[in-house]
Amino acid sequence: MAEPYGLANRVVSEIGAKIFDNPNLLKYIYYTNKEYQDIDIFTLETPEIHELIDKYIFIGRRIPILMKKVGAFVDIRVNRYQPRLNKKSPTVIKYVEVDIDVLCHTECQRTLRGTRDITIVTLLQEALENERLTGIADNIEIISVTEILGLDASYSGYTVKIQVVGFNQGVYKDEIN
């Protein structure tokens, strides 16, 4: 598979990779049936990525699930993308803001370690804090966690807003030439 083109695509791809590298986060997204509410989800087997992608985790698009399905869902998408010109350097620095939405149905909120939505948000923060995005930026900055308002009463949710400042000038020289 070809390398994602452009800083925003690369950031979203790297954030997705960091999420897929966190087994406890994957477990909390996957094991949502009532039978798991009194079991320590951290002790369960890690689900395969193909069981999650485009079913529970959506990269580059909003969660397309009708608001009736019980479960936990996450999406990763670019919110803002803009250049920041640096007068001291010919390099164009770019700013990417990524939103990660976490939605949980009320029927799967209760777990042994607290509410599922807050646990997922905390696991996301732990997976991303101080992480280096390979060849993109020194770290990811989590700038806010806010409640998603206006959801159907059967759901609760949060948006984790992430900021990355980096550059990709010259990275794709071989593909262009």
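**Close-ups of a predicted model**

**View 1. An aromatic cluster built from five residues.** Tyr-30, Tyr-31, Tyr-36, Tyr-56 and Phe-73 come together as one aromatic cluster. Keep in mind for this and every other view that the model is predicted. Tyr-36 is a handy member to start from: it sits in the loop between helix 2 and strand 1. Is Tyr-36 buried or exposed? Its relative accessible area is 16%, so Tyr-36 falls under the 20% limit and counts as buried. Setting aside residues up to four places away in sequence, Tyr-36 touches Tyr-31, Ile-41 and Leu-44.

**View 2. Aromatic pairs, starting with Tyr-28 and Phe-42.** Search the whole structure and five aromatic pairs turn up. Tyr-28 is buried, at 1% relative accessibility. Phe-42 is partly exposed, with a relative accessible area of 23%.

**View 3. The Tyr-30 and Tyr-56 pair.** Here Tyr-30 and Tyr-56 make an edge-to-face aromatic pair: the centres are 6.0 Å apart and the planes sit at 80 degrees. Tyr-30 is in helix 2 and Tyr-56 in the loop between helix 2 and strand 1, so the pair ties together parts 26 residues apart in sequence. How accessible is Tyr-30? Tyr-30 has a relative accessible area of 25%, which makes this residue partly exposed. Tyr-56, at 16% relative accessibility, counts as buried. Both tyrosines belong to the aromatic cluster of View 1.

**View 4. Gln-37 and its contacts.** Gln-37 is found in the loop between helix 2 (23-30) and strand 1 (57-59). Gln-37 is buried, with a relative accessible area of 15%. Which residues does Gln-37 touch, not counting those up to four places away in sequence? The answer is Arg-110, Thr-111 and Leu-112.

**View 5. The largest nonpolar core.** This core has 40 residues, and Ile-15, Ile-19, Ile-100 and Ile-120 are the ones that touch the most other members. The elements giving it two or more residues are helix 1 (7-20), helix 2, strand 1, strand 2 (72-85), strand 3 (92-105), helix 3 (116-128) and strand 5 (155-166). Helix 1 supplies the largest share, seven residues. Zoom in on Ile-19 and, leaving out residues up to four places away in sequence, you find contacts with Leu-25, Leu-26, Ile-57, Ile-76, Ile-100 and Leu-124. For background, nonpolar side chains tend to be buried together in soluble globular proteins.

**View 6. Glu-147 beside Tyr-158.** Glu-147 lies in strand 4, which covers residues 141-147. How far apart in space are the C-alpha atoms of Glu-147 and Tyr-158? They are 4.3 Å apart, while the two residues are 11 apart in sequence. Apart from neighbours within four places in sequence, Glu-147 is in contact with Gly-157 and Tyr-158.

Note on methods:
Residues are numbered from 1 along each chain as its sequence is written. This is a predicted model: local features need pLDDT of at least 70, side-chain atom pairs count only at pLDDT 80 or more; totals for chains, interfaces and linings use all residues. Side-chain values use heavy atoms; hydrogens and water are left out. Helices (H or I, at least four residues) and strands (E, at least two) are DSSP runs, numbered from the N terminus. Buried means under 20% relative accessible area, exposed over 50%, partly exposed in between (1.4 Å probe, protein chains only). Contact means heavy atoms within 4.5 Å. Rings of Phe, Tyr and Trp (its six-membered ring) pair if their centres lie within 6.5 Å; planes under 30 degrees apart count as stacked, over 60 as edge-to-face and the rest as tilted. A nonpolar core is a set of buried Ala, Val, Leu, Ile, Met, Phe, Trp, Tyr and Cys residues joined through side-chain atoms within 4.5 Å.
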